[in-house]
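Colleague: I would like to learn how to read a model like this one. Can we go through it feature by feature?

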Amino acid sequence: MYNPRLLTLLRLLLLPRSQLLAEILFLRRQLALYREREAKPSLPGAWTKLIMMWLSRMFDWRDALVIVKPATFVRWHREGFRLLWRWKSRRRGRPPLPKNFQALVRQIAKDNPTWGEQRIADELSLKLGFQISPRTVRRYLRHLRGPRGASSQRWSTFARNHAQAIVACDFFTVVTANFRVLYVFVAMEVGSRRLLHSNVTAHPTAEWTLQQFRETLPGGHPYRFVLHDHGSMFSADLDAALAGFGVRALRTPVRCPTANAFCERLIGTVRRECLDYLIPFGEGHLRRILREWSNHYNRGRPHSSLGLGIPEPPQAQVPASGHHHRLQTGHRVTSRPVLGGLHHEYGLEKEAA
């Protein structure tokens with residue numbers, strides 16, 4: 001009697017070991033897919049298809065295929081070969097530049113926002129000896145925002161080039177002990193971060209603000225620009241009057257405080273280091289507080305933006321001791337309180353003989 005199971009067993013016994021193992025793995029993979037479908041219905045994934053196609057090359061897979069039709073399995077083969085040849089036929093192009101060279105190209109573009117691809121390529125070729133085309137430069141500048149080679153510099157570049165000639169000013173409010181709102185006017189020199197003038201009023205007007213500029217900008221001043229926002233205190237008549245002082249008024253864009261970032265930073269420093277710890281009783285008291293703090297800000301407070309410098313550095317030089325952690329012989333450390341001990345200024349003085 002014909003027994004197909006006996007014939008299958010005889011066929012398996014005669015198969016080489018590699019084909020037998022491939023068929024076992026082929027069947028186990030299908031069994032694993034069945035178990036996955038019991039937990040959650042799913043289609044064969046890319047890895048399942050890839051493994052089964054690789055195993056099918058080692059034995060006759062037609063009798064062992066259970067989960068799909070043979071035509072579907074053949075279609076998997078064709079799709080796999082199509083992807084393989086697509087990967088092999090891809091456009092390779094030129095090899096990428098080294099990582100440090102890519103960083104150099106981006107750094108040059110960042111430091112020089114008005115330079116285009118051709119200008120950067122010429123700079124690299126003529127001065128650094130790197131032969132690179134403008135199209136290659138463009139490839140590594142795609143992540144940078146804005147058009148390359150713009151005709152105008154950035155605002156930060158303008159502020160940096162004219163810092164010594166710019167006076168930035170602004171108003172901020174302070175609430176007194178009796179809940180009265182006072183307005184504080186501050187003006188600073190952007191280049192040195194020096195606080196030029198501050199004053200207090202309960203009713204700021206354009207006429208009052210113009211008087212503050214008369215005190216801030218005396219005759220023979222070196223400034224060329226005054227930076228302020230669109231507040232009602234900075235009227236068009238005030239800007240016209242500033243032209244008589246030899247300066248040009250620059251208005252920041254609407255709702256763009258970062259355009260006057262230097263003065264905004266100053267106001268934040270005033271609040272964090274002074275007014276957040278003191279409650280003024282009136283205009284006179286607030287003026288005295290700001291006067292004392294302004295002297296500390298200009299003459300005793302190190303500024304990180306100045307490289308740990310001071311806007312008005314002291315004339316006396318610190319005597320060198322020849323050792324990083326030892327005082328000069330014959331000197332001692334002195335401390336002077338500021339604003340009743342809110343801050344302290346330190347210095348060296350000679351000891352009495």
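Colleague: Which residue forms a salt bridge with R194, and how far apart are the closest N and O atoms?

Modeller: First, a caution: this is a predicted model. A salt bridge here needs a side-chain nitrogen of Lys or Arg within 4 Å of a carboxyl oxygen of Asp or Glu. The partner of R194 is E312, with the closest N and O atoms 3.7 Å apart. The pair links distant parts of the chain. R194 sits in strand β3, while E312 is in the loop between α12 (283-299) and β6 (331-338). They are 118 residues apart.

Colleague: Are these two buried or exposed, or partly exposed?

Modeller: Buried means under 20% relative accessible area, and exposed means over 50%. E312 has 26% relative accessibility, so it counts as partly exposed. R194 has 25%, so it is partly exposed as well.

Colleague: Which residues are linked with them in a network?

Modeller: The network of salt bridges links E189, R194, R299 and E312.

Colleague: How many salt bridges are there by this rule?

Modeller: The count comes to eleven. Take E273 and R301 as another case: their closest N and O atoms are 2.8 Å apart. This pair also links distant parts of the chain. E273 belongs to helix α11, and R301 to the loop between α12 and β6, 28 residues apart. Both E273 and R301 are buried.

Colleague: What about E345: which residue forms a salt bridge with it?

Modeller: That is R336, and the closest N and O atoms are 2.8 Å apart. The two ends are classed separately. E345 counts as buried because its relative accessibility is 15%. R336 counts as partly exposed because it has 44%.

Colleague: Now the sheet. In what order do the strands lie?

Modeller: Read the order across the sheet, then the sense of each pairing. Five strands form an open sheet, ordered β3-β2-β1-β4-β5, with mixed pairing. β3 (194-201) and β5 (248-251) are the edge strands, each pairing on one side only. From one strand to the next, the twist averages 25°.

Colleague: Which helices pack on the sheet, and which strands do they touch?

Modeller: For each helix, read the contacts, then the angle. Helix α9 (residues 206-216) touches β1 (166-175), β2, β3 and β4 (225-228). Its direction makes about 150° with that of β3. Helix α11 (residues 261-275) touches β1, β2 and β3. The direction of α11 makes about 40° with that of β1.

Colleague: How do β1 and its partners run, parallel or antiparallel?

Modeller: Take one partner at a time. β1 and β4 run parallel, joined by three bridges. On that side, V167 stands opposite V226 in β4. β1 and β2 run antiparallel, joined by nine bridges. There F171 stands opposite F185 in β2. β1 and β2 also form a hairpin, with five residues between them. In the turn, F179 has a positive phi of about 65°.

Colleague: Why is β1 called largely enclosed?

Modeller: Count its buried residues. Eight of the ten residues of β1 are buried, so the rest of the structure largely encloses this strand.

Colleague: And β2 with β3: how many bridges are there, and in which sense do they pair?

Modeller: Strand β2 (residues 181-189) pairs with β3 in the antiparallel sense, over seven bridges. As an example, Y183 has T201 in β3 as its bridge partner.

Colleague: Let us stay in β3. With which side chains does the side chain of N199 make polar contacts?

Modeller: N199 lies in strand β3. With 15% relative accessibility, N199 counts as buried. Its side chain makes a polar contact of 3.0 Å with the side chain of Q212. Another polar contact, of 2.9 Å, joins the side chains of N199 and R287. Leaving out residues up to four places away in sequence, N199 touches Y183, V184, F185, W208, Q212 and R287.

Key. Residues numbered from 1 in each chain as written. Predicted model: local features only at pLDDT ≥ 70, side-chain atom pairs only at ≥ 80, totals over all residues. Heavy atoms only, no water. Pairing = 2+ DSSP bridges. Helix = DSSP H or I, 4+ residues; strand = E, 2+ residues; numbered from the N terminus. Axes fitted to C-alpha atoms, helices over the stretch in contact; angles between N-to-C directions. Contact = heavy atoms within 4.5 Å. Buried < 20%, exposed > 50% of the residue type's maximum accessible area, 1.4 Å probe, protein only. Polar contact = N/O pair within 3.5 Å; in protein donor to acceptor, adjacent residues only side chain to side chain.
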